[in-house]
Amino acid sequence: DDEEQSKQQQQAAGDGFGADLDDLGADLGIDLDLGGLGGDDAAAASGSDSSFTMPQAGPSTAQRWADNAQSAADLVAAGSFDLAQHMLNRQLGIVNFAALRPAFMRIHNAAQVTFPVLSGCGSLSTSLEREPDKPVVGVRLPACVEQFKEATKLVTGGKITEALEAFRLVLAMLPLVNTDDRESAEVRDLIKITREYITAMRLEAARRGAEGNPARQCELAAYFTHCKLQPVHVILGLKVAIKAAFGIKNFQMAASFCRRILEFVMAAPNKAVVEKVVKVPQIKGVLAHCEKQGATDQTKLNYRVNVAFRVCGRSLTPVWKGDPVTMCPYCNTAFKQEFDLSLCDNCSLAKIGTQTSSSR
């Protein structure tokens, strides 16, 4: 009975509306060439895949920046800190990257901008480029120059510790400045004069800390006067050296410092500015007194008048011509050979004596 009932249901379904139109082409007397117009059978027969394929994403902005990087600053902006550190080590011998962390973060953050949109919606962010595939760099040479000028104002104000920190900040910014050929020469000049000021500030700090040892204080004051600083600061150093030398009855030294001040005054393009920091009649009076004493030195010091030398960045003593010397590969501070392969005391960034790609 059940089988008979099933057959009746199938027959009823087969006899439904349109059941006699399964082969519409034959019923109409035409040849329907469907080609590859659809259906799983057609796709299978043709061997094609009708599924949608998502296109692959292109490289991110950070990856494009890193791929096209021309400097360590570009790599920092892209977030490739490890590659940037490797480049700085290879080019400049830098090993102390903790001191560069503020500059790294400044550059990386400056290359991104985030701004709010509608209330309740998340913020939008985008990357900033100076030209296609090259990021904006947040440390530029004019900013370093302004930082240097602020540091020199601290020197004039006698704030030695603060000035020393400010000058070292300049040296920490300069390796991350993107430059053209003209600016590259300006960067080298700025590194050089900043190094001279750091040496001078360290000499002055050591002199102030050598109370009770007037001979050593006189030596340090004398070394200070050989740092290549702005004329006003050299004159201030010479005044300190005159007092120190006169105090230990080294009249020949004191006389030489007096003559150097008078030479500065005579050669100054704007004498009115120089004369604000030095009273010429007083200097001439001290010079006359020293010459009256026979221009002799009673205390023997590690210093030779009118003999060129470089100050060792570790011992703060002279490195005379012909002495073994090793150099900081970044700031070019001179050191006695015994201090090779240690951290530079001036820039606090590079390893002394390291052979770099630039030095080779």
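**Notes on the charged pairs and a few other sites**

1. Let me begin with arginine 64, which is partly exposed because its relative accessibility is 24%. Please keep in mind that this is a predicted model. Arginine 64 forms a salt bridge with aspartate 133, and their closest N and O atoms are 2.2 Å apart. Aspartate 133 sits in the loop between β3 (129-131) and β4 (134-135), while arginine 64 belongs to helix α4 (residues 61-67), so the pair ties together parts that are 69 residues apart in sequence. Aspartate 133 is also partly exposed, at 26% relative accessibility.

2. A second pair worth a look is aspartate 74 with arginine 130, a salt bridge whose closest N and O atoms are 3.0 Å apart. Here helix α5 (residues 72-77) supplies aspartate 74 and strand β3 supplies arginine 130, so parts 56 residues apart in sequence are tied together. Aspartate 74 is buried, with a relative accessible area of 0%, whereas arginine 130 counts as partly exposed at 37%.

3. Within helix α11 (residues 214-224), glutamate 219 and arginine 216 are 3 residues apart, which means about one helical turn separates them. These two form a salt bridge as well, with 3.3 Å between the closest N and O atoms. Glutamate 219 counts as buried at 12% relative accessibility. Shared partners also join Arg64, Glu129 and Asp133 into one salt-bridge network. The count for the structure comes to 12 salt bridges.

4. How many disulfides does a search of the whole structure find? The search finds 0. Cysteine 328 is buried at 1% relative accessibility, while cysteine 121 is partly exposed at 46%.

5. The side chain of asparagine 250 reaches the backbone nitrogen of threonine 299 at 2.8 Å. Beyond its neighbours within four places in sequence, asparagine 250 has contacts that include Thr296, Asp297, Gln298 and Leu301.

6. Phenylalanine 115 is in strand β1 (residues 112-115) and is partly exposed, with a relative accessible area of 36%.

Note on methods. Residues are numbered from 1 along each chain as its sequence is written. This is a predicted model: local features need pLDDT of at least 70, side-chain atom pairs count only at pLDDT 80 or more; totals for chains, interfaces and linings use all residues. Side-chain values use heavy atoms; hydrogens and water are left out. Contact means heavy atoms within 4.5 Å. A polar contact is a pair of N or O atoms within 3.5 Å; within protein, one must be able to donate a hydrogen and the other to accept it, and residues adjacent in sequence count only if both atoms are side-chain atoms. A disulfide is a pair of cysteine sulfur atoms within 2.5 Å. Buried means under 20% relative accessible area, exposed over 50%, partly exposed in between (1.4 Å probe, protein chains only). Helices (H or I, at least four residues) and strands (E, at least two) are DSSP runs, numbered from the N terminus. A salt bridge is a side-chain nitrogen of Lys or Arg within 4 Å of a carboxyl oxygen of Asp or Glu.
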